[in-house]
Amino acid sequence: MKAHKKLVCKHACCACPQKSMVAIPGGVFTMGTDEPEIQQDGEWPARRVHVNSFYMDQYEVSNQEFERFVNSTGYLTEAEKFGDSFVFEGMLSEEVKAEIHQAVAAAPWWLPVKGANWRQPEGPGSSILSRMDHPVLHVSWNDAVAFCTWAGKRLPTEAEWEYSCRGGLEKRLFPWGNKLQPKGQHYANIWQGVFPSNNTAEDGYKGTAPVTAFPPNGYGLYNIVGNAWEWTSDWWAVHHSADEAHNPKGPSSGTDRVKKGGSYMCHKSYCYRYRCAARSQNTPDSSASNLGFRCAADALPDPQ
């Protein structure tokens with residue numbers, strides 16, 4: 001596999017893992033698909049997209065890095081301000097669930113838990129102390145932008161994210177190819193078993209995994225699908241043109257932001273969104289126990 005150049009970040013405040021990002025070479029790729037799995041998500045049509053070179057975090061932002069940001073700035077996340085956040089019921093104790101009397105009608109496994117936030121992913125009594133190398137969760141789009149700004153970075157566009165996800169491969173389902181488990185090996189942290197009642201955790205993780213887990217894709221990016229959903233900078237839209245595009249940035253306004261990559265909760269029977277072309281959306285102030293991010297940055301100009 002071809003080695004890819006890494007950027008050693010010069011920002012004193014930078015909290016990226018190993019203080020490194022991967023240089024993603026500019027190029028042209030097929031974005032989206034003409035064989036959409038989830039029609040309402042606007043995965044289609046396939047179109048040729050040109051992307052300039054840029055940098056992408058090798059890893060999802062971890063609890064350790066987010067804690068460094070919070071300790072440096074005193075930042076308070078929106079989940080902390082609101083006082084609650086959505087948690088998957090399978091991660092909650094019976095005692096906690098007994099105190100909750102509402103849920104999301106279309107997805108009853110999502111429960112609003114008082115006190116759930118990035119420090120307490122399953123609410124009061126839970127902790128990230130044993131998960132400092134796992135992706136930070138319960139982070140809204142606004143929270144992610146605040147972190148990126150502090151770190152001297154930005155969120156990737158949807159096009160940049162999908163281009164990165166594909167890792168140099170063309171028209172493949174996953175970052176590594178078309179087979180979910182080549183030679184029986186797990187390449188991503190997703191749901192095994194029957195969703196939402198039984199997660200067999202055959203990949204080794206019932207919830208999130210360390211940001212360094214599983215093999216990287218062709219660009220050296222880890223957990224670009226599965227593990228935690230990742231915010232992008234684009235406003236959400238479902239109607240796409242098949243016209244060729246150069247560095248698209250999505251609509252100029254909207255109500256939701258695009259998230260990509262799926263999470264540890266995704267299963268083909270319900271949320272087949274751990275494909276590179278897959279996409280979903282949330283309002284910018286949304287937070288949940290499967291929602292995180294990674295940062296991007298503009299390519300440095302060549303020295304004259």
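**View 1. Arg-166 and Glu-162 lie about one helical turn apart in helix α5.** The two residues are four apart in this helix, which covers residues 158–166. The model shown is predicted. The side chains of Arg-166 and Glu-162 meet in a salt bridge, with N and O 2.9 Å apart. Arg-166 is buried, with a relative accessible area of 4%. Glu-162 is buried too, with a relative accessible area of 1%.

**View 2. A network joins Glu-158, Glu-162, Arg-166, Lys-260 and Arg-279.** Salt bridges that share partners link these residues into one network. The pair from View 1, Arg-166 and Glu-162, belongs to this network.

**View 3. Glu-94 pairs with Lys-97 in a salt bridge.** The closest N and O atoms of this pair are 3.1 Å apart. Both residues sit in helix α3, which covers residues 94–98. Glu-94 and Lys-97 are three residues apart there, so about one helical turn separates them. Glu-94 is exposed, with a relative accessible area of 55%. Lys-97 is partly exposed, at 22% relative accessible area.

**View 4. Arg-131 forms a salt bridge with Glu-122.** The closest N and O atoms of Arg-131 and Glu-122 lie 2.9 Å apart. Arg-131 is buried, and Glu-122 is buried as well.

**View 5. The whole structure holds 13 salt bridges.** Among them are Arg-166 with Glu-162, Glu-94 with Lys-97, and Arg-131 with Glu-122. Side chains of opposite charge can pair when their charged atoms come close.

Conventions: Residues numbered from 1 in each chain as written. Predicted model: local features only at pLDDT ≥ 70, side-chain atom pairs only at ≥ 80, totals over all residues. Heavy atoms only, no water. Salt bridge = Lys/Arg side-chain N within 4 Å of Asp/Glu carboxyl O. Buried < 20%, exposed > 50% of the residue type's maximum accessible area, 1.4 Å probe, protein only.
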